[in-house]
Amino acid sequence: MADTQQVDPKAERKVARLAKQISSFSKAHGGAEGQVAHIGERGARIVLVGEDGGWGDLVAPSTEIAEQAVAKAGITVHESFDGEFAAKVKTGPYEWKRMAGIQVGG
């Protein structure tokens, strides 16, 4: 029996676009690791951490698309954002100032 799974061209384009962005981030930061987190109706958040400690994130329309994109980009994916993975993130003055501003209503 032939495989009759339908392929959504729009989803394929989104996967390819996200994978390209992930690969670009990885190249700019000497490699990268990631974590995919479901964020409700909005979709899924892909958190990226570079080997140099730089970090960023992307939002995918679904967890399935996010998982396909990180797989296509070929990065290591973690189950959760904790431990050694979280410790790789390097924050600078901007992040600390921004976090403090949130705490005091800024």
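This is a predicted model: local features need pLDDT of at least 70, side-chain atom pairs count only at pLDDT 80 or more; totals for chains, interfaces and linings use all residues.

Visitor: Great, let's start with α2. Which of its residues are buried?
Guide: Helix α2 covers residues 63–73, and its buried residues are Ile-65, Ala-66, Ala-69, Val-70 and Ala-73.

Visitor: And how are those buried residues arranged when you look down the axis of α2?
Guide: They fall within an arc of 130°, so they line one face of the helix.

Visitor: What's on the face turned away from the buried side?
Guide: That face of α2 carries Glu-64, Ala-71 and Lys-72, which are exposed.

Visitor: What do the buried residues of α2 pack against?
Guide: Their partners are helix α1 (9–28) and the strands β1, β2 (44–50), β3 (55–60) and β4 (76–78).

Visitor: What happens just after α2?
Guide: Gly-74 sits there, with a positive phi of about 75°.

Visitor: Back to α1 for a moment. At what angle do the axes of α1 and α2 cross?
Guide: They cross at roughly 50° and come within 8 Å of each other. That angle makes α1 oblique to α2.

Visitor: Is that crossing left-handed or right-handed?
Guide: The crossing of α1 and α2 is right-handed.

Visitor: Which residues meet there?
Guide: From α1 the list includes Ala-11, Val-15, Leu-18, Ala-19 and Ile-22, and from α2 it includes Ile-65, Ala-69, Val-70 and Ala-73.

Visitor: Tell me about Ala-19. Is it buried or exposed?
Guide: Ala-19 belongs to helix α1. Ala-19 counts as buried because its relative accessibility is 5%, and the cut-off for buried is under 20%.

Visitor: What does Ala-19 touch?
Guide: Leaving aside neighbours within four places in sequence, Ala-19 is in contact with Ala-69, Lys-72 and Ala-73.

Visitor: And how far apart are the C-alpha atoms of Ala-19 and Ala-66?
Guide: They are separated by 8.8 Å, although the two residues are 47 residues apart along the chain.

Visitor: New topic: where is Glu-33?
Guide: Glu-33 is in strand β1, which spans residues 32–38.

Visitor: Buried or exposed?
Guide: Glu-33 is buried, with a relative accessible area of 9%.

Visitor: So which side chain does Glu-33 make a polar contact with?
Guide: The side chain of His-78, at 2.3 Å.

Visitor: What else does Glu-33 touch?
Guide: Not counting residues up to four places away in sequence, Glu-33 touches several residues, among them Val-47, Leu-48, Val-49, Ile-75, Phe-85 and Lys-88.

Note on methods. Residues are numbered from 1 along each chain as its sequence is written. Side-chain values use heavy atoms; hydrogens and water are left out. Helices (H or I, at least four residues) and strands (E, at least two) are DSSP runs, numbered from the N terminus. Buried means under 20% relative accessible area, exposed over 50%, partly exposed in between (1.4 Å probe, protein chains only). A polar contact is a pair of N or O atoms within 3.5 Å; within protein, one must be able to donate a hydrogen and the other to accept it, and residues adjacent in sequence count only if both atoms are side-chain atoms. Contact means heavy atoms within 4.5 Å. The arc is that of the directions from the helix axis to the C-beta atoms. Axes are lines fitted to C-alpha atoms, for helices over the stretch in contact, and angles run from 0 to 180 degrees between N-to-C directions. Angles under 35 degrees count as roughly parallel, over 145 as roughly antiparallel, 65 to 115 as roughly perpendicular and the rest as oblique. A crossing is left-handed if the near helix is turned anticlockwise from the far one by less than a right angle, and right-handed if clockwise.
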